[in-house]
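Please keep the model in view while reading.

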Amino acid sequence: MPTPDPGPVPGDLTPWAARSTRGQRVKRAVLGRCARCGAGDLGASFLELKDECPNCGWTFEREEGYWVGAMVVLFAAVEGLYVAFLAVGILAWWPEVHWNVLLWAGLALNATAPFLLYRWSKTVWVGLHVAFSPQEMDSDTAGRTGSS
Ligand SMILES: [Zn+2]
């Protein structure tokens, strides 16, 4: 279990981008943790991510429409699971493949997996974002506009 970064320490001016490697940030995100500090417990509910990290206070949603990238992560993960499921089923039953079982189980997988992986897809998207744009971790304003 990775230990989270202690968070903002008064007087510590080390940029967040210098505190972790790209691989560490992606690993934290895949484990459902804050990509910036490594803290867990990021769920506001079963489906929703908290607005900010409870440890370092970083705002996850960087701008309006930010979670479209998480939808791409979610789609890739669900379809990757589905392809793996089909491949294992076909290989396990070859040459007498139980197509009806694969059809109905595949439908069930595609109906449930998006809900099970929804929150996870958001942490992975945040992790991928800061893996390639680490300077984002040192901005807490999240580029938001408007007053609502
Ligand atoms: Zn954090």
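This is a predicted model. In helix H1, Arg25, Arg28 and Ala29 are buried. These residues cover an arc of only 100° around the axis, so they sit on the same side of H1. An α-helix has 3.6 residues a turn, so residues three or four places apart point the same way. The cover over the buried residues of H1 includes H3.

**Packing of H1 and H3**

How do H1 and H3 pack? Helix H1 spans residues 22-30 and helix H3 spans residues 99-132. Their axes are 7 Å apart, at an angle of about 170°. An angle over 145° counts as roughly antiparallel, so H1 is roughly antiparallel to H3.

From H1, the contact draws on Arg22, Arg25, Val26, Arg28, Ala29 and Val30. From H3, it draws on Thr123, Val124, Val126, Gly127, Leu128, Val130 and Ala131. By class, the residues of this contact are eight nonpolar, two polar and three charged.

Just after H1 comes glycine 32, with a positive phi of about 80°.

**Helix H2**

Helix H2 covers residues 68-93.

The buried residues of H2 are Ala70, Val73 and Leu74. H3 is among the elements that cover them.

**Methionine 71**

Methionine 71 lies in helix H2. Is methionine 71 buried or partly exposed? It has 14 C-beta neighbours inside 10 Å, so methionine 71 counts as partly exposed. A buried residue would need 20 or more. Methionine 71 and lysine 122 are 51 residues apart in sequence. In space, their C-alpha atoms are 8.1 Å apart.

**The chain as a whole**

The protein chain has three helices and zero strands. Along the sequence, the pattern reads α-α-α. The chain has 148 residues, of which 25% count as buried. Among contacts with a separation of 6 or more, 65% join residues 24 or more positions apart.

Conventions. Residues numbered from 1 in each chain as written. Predicted model: local features only at pLDDT ≥ 70, side-chain atom pairs only at ≥ 80, totals over all residues. Axes fitted to C-alpha atoms, helices over the stretch in contact; angles between N-to-C directions. Helix = DSSP H or I, 4+ residues; strand = E, 2+ residues; numbered from the N terminus. Parallel < 35°, antiparallel > 145°, perpendicular 65-115°, else oblique. Contact = placed C-beta atoms within 7 Å. Nonpolar A, V, L, I, M, F, W, Y, C, P; charged D, E, K, R; others polar. Expected span 1.5 Å × (residues − 1). Buried ≥ 20, exposed ≤ 12 C-beta atoms within 10 Å, placed from the backbone. Arc of directions from axis to C-beta.
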